[in-house]
Amino acid sequence: MLDFDDAQTRLANGAPLPRATTETPLREAAGLVLARDLTATLDLPPADNSAMDGYALRHADYRPGATLPIDQVVYAGQAPGPLAPGHAARLFTGSLMPPGADTVVMQEDTRVVGDRLEITQAPRAGQHVRRRGEDTAAGSPLLPAGTRIGPAQIALLASQGIASVVVHPAVRVGILTTGDELVAPGQPREAHQIYNSNGAMMAALVEGMGARATQVLHAQDTETALRSAFQKLAQDCDMIVSIGGVSVGDKDLVKPVLESLGAELDLWRVRMKPGKPVAMAHIDGKPVVCLPGNPVSAFAVFTVLVSPLLRRMQGRRDLFPPVSRQRLRTDSPRQDSREEFLRVRLAIDDGGVAGLQPFDRQGSGVVSSLPWATGLARIPAGQTVRDGEMVAYYDFQHWLS
């Protein structure tokens with residue numbers, strides 16, 4: 001069996017970097033990955049403006065107890081005239097600063113009598129002014145290639161007037177579930193059958209990362225059915241994820257079927273729990289990742305082993321999200337000869353201290369643990385970890401996005 005870290009590295013490098021690019025409207029770019037560095041073309045804000053509702057003046061004109069005539073009112077979206085020495089201008093949040101003004105006094109620190117302004121709180125020079133280019137300056141880096149586009153990135157790009165971006169096309173992922181015992185949700189089920197949760201789960205995992213689950217197939221446990229399904233997916237998809245049939249049982253036929261299609265296994269079996277029966281091969285240069293059939297095992301393996309490969313195929317800069325160190329809360333010591341990945345929930349106790357609570361049942365068939373958990377806690381192989389010790393924590397929020 002491969003060590004977990006070796007398997008993770010091999011899988012992360014199991015496909016070439018993307019070359020194809022396409023231009024897409026900004027509002028349709030969410031989830032896609034930038035193919036080119038972007039540089040700011042505008043100063044933002046484009047001119048000095050007020051950060052408050054209030055009054056603009058020259059700071060040098062302030063005198064305690066003195067009043068200043070108000071010579072203009074400037075609304076956001078209007079061009080102000082020059083501010084005469086010894087005068088003030090009424091402004092609102094976003095109003096441009098009149099030429100000559102250098103300070104804004106918020107309206108709560110003023111009193112207006114007629115058309116004259118009295119300042120009741122001594123201002124600080126330059127206060128409450130948003131300076132031109134303080135957000136982004138023309139010519140400065142905006143976003144690097146390899147950035148996954150989300151709402152925050154769209155806001156930044158739109159603020160620069162960018163209406164379309166060059167991105168890598170979404171990775172097309174084909175999903176294949178196997179097993180004679182599986183029946184589709186919504187269909188009648190016999191006593192010897194279980195519902196197929198793997199197909200819908202894997203499609204959601206793939207699309208949650210910004211890829212496209214273009215086909216979700218199910219094959220019976222025969223070489224003919226499996227070969228036909230793999231051939232179809234290899235024609236239409238950039239990557240294949242199969243679930244089940246990759247162990248060593250009489251009906252675990254995925255490995256020989258892949259070999260019959262000319263695929264050579266790059267790895268097979270990983271020293272981890274859950275998820276030992278994992279394989280990677282290539283058909284026509286396209287990666288095929290084979291996951292164990294238990295839904296919990298497939299979910300865990302996708303999280304820590306497959307997601308970096310998918311990020312590479314998307315062209316992302318960072319293949320491996322952060323892994324934090326958190327305190328494990330456990331009633332009994334944890335120890336295994338394999339790397340164990342516990343389903344845990346990150347919780348804050350009454351004293352404000354964070355800790356990882358393991359689900360009370362860690363069997364690979366306990367699907368109810370998945371919506372309960374916030375991530376996986378890694379217990380190193382061959383080590384005994386006791387209550388209160390620090391362990392590596394793989395947060396689903398980061399590793400599945």
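These are my notebook entries on what I looked up in this predicted model.

**Entry 1: valine 33**

I started with valine 33, which is in strand β2, residues 33-34. Next I listed its contacts, leaving out residues up to four places away in sequence. Valine 33 touches Gly146, Thr147 and Arg148, then Val167 and His168, and finally Gln314, Gly315 and Arg316.

**Entry 2: asparagine 196**

I found asparagine 196 in the loop that runs between β16 (194-195) and α3 (198-208). Its relative accessibility is 11%; the cut-off for buried is under 20%, so asparagine 196 counts as buried. Which side chain does the side chain of asparagine 196 meet in a polar contact? The partner is threonine 177, at 2.9 Å. The side chain of asparagine 196 also reaches the backbone nitrogen of glycine 199, at 3.3 Å. With neighbours within four places in sequence set aside, I noted Thr177, Leu182, Val183, Pro185 and His218 as contacts of asparagine 196.

**Entry 3: nonpolar cores**

I turned to the largest nonpolar core, which has 47 residues. The members that touch the most other members are Val173, Met202, Met239, Leu291, Phe302 and Leu305. Elements giving two or more residues to this core include α1 (4-12), β14 (172-178), α3, β18 (239-243) and β22 (286-291). Also among them are α6 (295-314), β27 (390-395) and α8 (396-399). Which element supplies the largest share of this core? I found that α6 does, with 12 residues. A second core, separate and of 21 residues, includes Cys237, Ala263, Leu265 and Ala279.

I then looked at methionine 202 by itself. Not counting residues up to four places away in sequence, methionine 202 touches Ile175, Val241, Ile243, Leu291, Ala298 and Phe302.

**Entry 4: a hairpin**

I checked strands β9 (residues 110-113) and β10 (residues 116-119), which run antiparallel and are joined by four bridges. Arginine 111 has glutamate 118 in β10 as its bridge partner. The two strands form a hairpin with two residues between them. In the turn, glycine 114 has a positive phi of about 65°.

**Entry 5: aromatic pairs**

How many aromatic pairs does a search of the whole structure find? I got six. I wrote up two of them.

Phenylalanine 299 and phenylalanine 396 are edge-to-face, 5.3 Å centre to centre, with 75° between the planes. Because phenylalanine 299 lies in helix α6 and phenylalanine 396 in helix α8, the pair ties together parts 97 residues apart in sequence. Both phenylalanine 299 and phenylalanine 396 are buried.

Phenylalanine 341 and tyrosine 394 are also edge-to-face, with 5.7 Å centre to centre and 65° between the planes. Phenylalanine 341 is in strand β24 (residues 339-348) and tyrosine 394 in strand β27, so this pair ties together parts 53 residues apart in sequence. I logged phenylalanine 341 and tyrosine 394 as buried. Phenylalanine 341 and tyrosine 394 belong to one aromatic cluster with Phe4 and Trp399.

**Entry 6: tryptophan 268**

Last, I looked for charges over the ring of tryptophan 268. Lysine 255 lies over the face of tryptophan 268, 4.9 Å from the ring centre. The charged end of arginine 269 sits over the ring of tryptophan 268 too, at 5.4 Å from its centre.

Note on methods
Residues are numbered from 1 along each chain as its sequence is written. This is a predicted model: local features need pLDDT of at least 70, side-chain atom pairs count only at pLDDT 80 or more; totals for chains, interfaces and linings use all residues. Side-chain values use heavy atoms; hydrogens and water are left out. Contact means heavy atoms within 4.5 Å. Buried means under 20% relative accessible area, exposed over 50%, partly exposed in between (1.4 Å probe, protein chains only). A polar contact is a pair of N or O atoms within 3.5 Å; within protein, one must be able to donate a hydrogen and the other to accept it, and residues adjacent in sequence count only if both atoms are side-chain atoms. A nonpolar core is a set of buried Ala, Val, Leu, Ile, Met, Phe, Trp, Tyr and Cys residues joined through side-chain atoms within 4.5 Å. Two strands pair if DSSP finds at least two bridges between them. Rings of Phe, Tyr and Trp (its six-membered ring) pair if their centres lie within 6.5 Å; planes under 30 degrees apart count as stacked, over 60 as edge-to-face and the rest as tilted. A charge sits over a ring if NZ of Lys or CZ of Arg is within 6 Å of the ring centre and within 35 degrees of the ring normal.
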